[in-house]
Amino acid sequence: MDTDRTTYEKAVRDHLARRRQAVSIVPRDALSPLAERQCRILGADLIQWINNHADSLLSERALLLHHKDPVIFFISTMPGLVASQEIVGDEKGPFVWGLPEDFDSFEERDEEFIFHVEYRSLFKEPESDADVKELTKSHPLAPGESHFIHTVESVMGPLFARGGEHLWKWDGEKLELLEEAWRTWVS
């Protein structure tokens with residue numbers, strides 16, 4: 001990559017500003033009941049990451065990779081963007097936030113994680129029939145209920161990632177944690 005951190009950060013912020021013009025962050029009161037519950041959980045998760053994990057991960061990264069002061073990409077779904085806007089709020093800090101597709105469409109790749117790190121926290125439905133079968137076997141559902149997976153992942157550099165998935169159940173009114181750290185990984 002033929003750029004510096006300041007140029008890279010400006011390019012990221014400009015790209016995300018264009019994306020927000022195309023898909024704006026919805027007001028919190030426009031969230032569905034499910035999205036509101038997810039917003040609360042994703043917000044609490046972001047606060048916990050900032051307060052309990054970010055500094056140690058960034059210090060370890062600086063020591064191992066000799067890269068300091070990265071732009072922090074917070075990658076989430078719309079409920080997470082609503083939460084991050086309320087929690088972080090100041091777009092002049094090291095945080096930027098967007099949807100997965102916002103970052104996927106950013107053309108300036110930083111494959112070596114010289115200028116950025118990523119914190120991903122989002123809810124998704126089970127992706128495969130095998131996942132659905134596995135989940136239903138260990139955590140059966142009543143009619144009208146569905147599983148959701150909360151994915152969290154910190155990527156500090158090449159082969160420097162930690163993450164996991166927590167299993168939740170939505171019953172139409174509340175999200176209930178069924179299994180913390182259903183899956184985990186470290187590289």
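Contact here means heavy atoms within 4.5 Å. Keep that in mind as we walk through this predicted model.

Start by selecting methionine 156. Leaving aside residues up to four places away in sequence, Met156 touches Trp49, Leu57, Leu58, Arg61, Leu65, Phe113, Val117 and Glu118. Now widen the view to the largest nonpolar core, which has 23 residues. Met156, Trp49 and Phe95 are the residues with the most contacts inside this core. At least two core residues come from each of α2, α3, β1 (71–75), α4 (78–87), β2 (95–98), β3 (116–124) and β4 (146–157). There is also a second, separate core of 11 residues; select Val12, Leu16, Ile75 and Val96 to see some of its members.

Next, show helix α2 (residues 33–52) and helix α3 (residues 54–65). Their axes lie 4 Å apart and the helices pack at an angle of about 50 degrees, which makes α2 oblique to α3. Trp49, Ile50 and Asn52 of α2 meet Ala54, Ser56 and Leu57 of α3. Of these contact residues, four are nonpolar, two are polar and none is charged.

Now move to strand β5 (residues 160–170). Is it enclosed or open? β5 is largely enclosed by the rest of the structure, because 10 of its 11 residues are buried.

Look at the neighbours of β5. With β4 it runs antiparallel, joined by 11 bridges, and His150 stands opposite His166 of β5. Two residues separate the strands in this hairpin, where Leu159 has a positive phi near 55 degrees. On to strand β6 (residues 175–186): eight bridges pair it with β5, again antiparallel. Select Gly163 and its bridge partner in β6, Trp185. Finish at the four-residue turn of this hairpin, where Gly172 has a positive phi of about 100 degrees.

Methods: Residues are numbered from 1 along each chain as its sequence is written. This is a predicted model: local features need pLDDT of at least 70, side-chain atom pairs count only at pLDDT 80 or more; totals for chains, interfaces and linings use all residues. Side-chain values use heavy atoms; hydrogens and water are left out. Axes are lines fitted to C-alpha atoms, for helices over the stretch in contact, and angles run from 0 to 180 degrees between N-to-C directions. Angles under 35 degrees count as roughly parallel, over 145 as roughly antiparallel, 65 to 115 as roughly perpendicular and the rest as oblique. Ala, Val, Leu, Ile, Met, Phe, Trp, Tyr, Cys and Pro count as nonpolar, Asp, Glu, Lys and Arg as charged, and the others, Gly among them, as polar. A nonpolar core is a set of buried Ala, Val, Leu, Ile, Met, Phe, Trp, Tyr and Cys residues joined through side-chain atoms within 4.5 Å. Buried means under 20% relative accessible area, exposed over 50%, partly exposed in between (1.4 Å probe, protein chains only). Two strands pair if DSSP finds at least two bridges between them.
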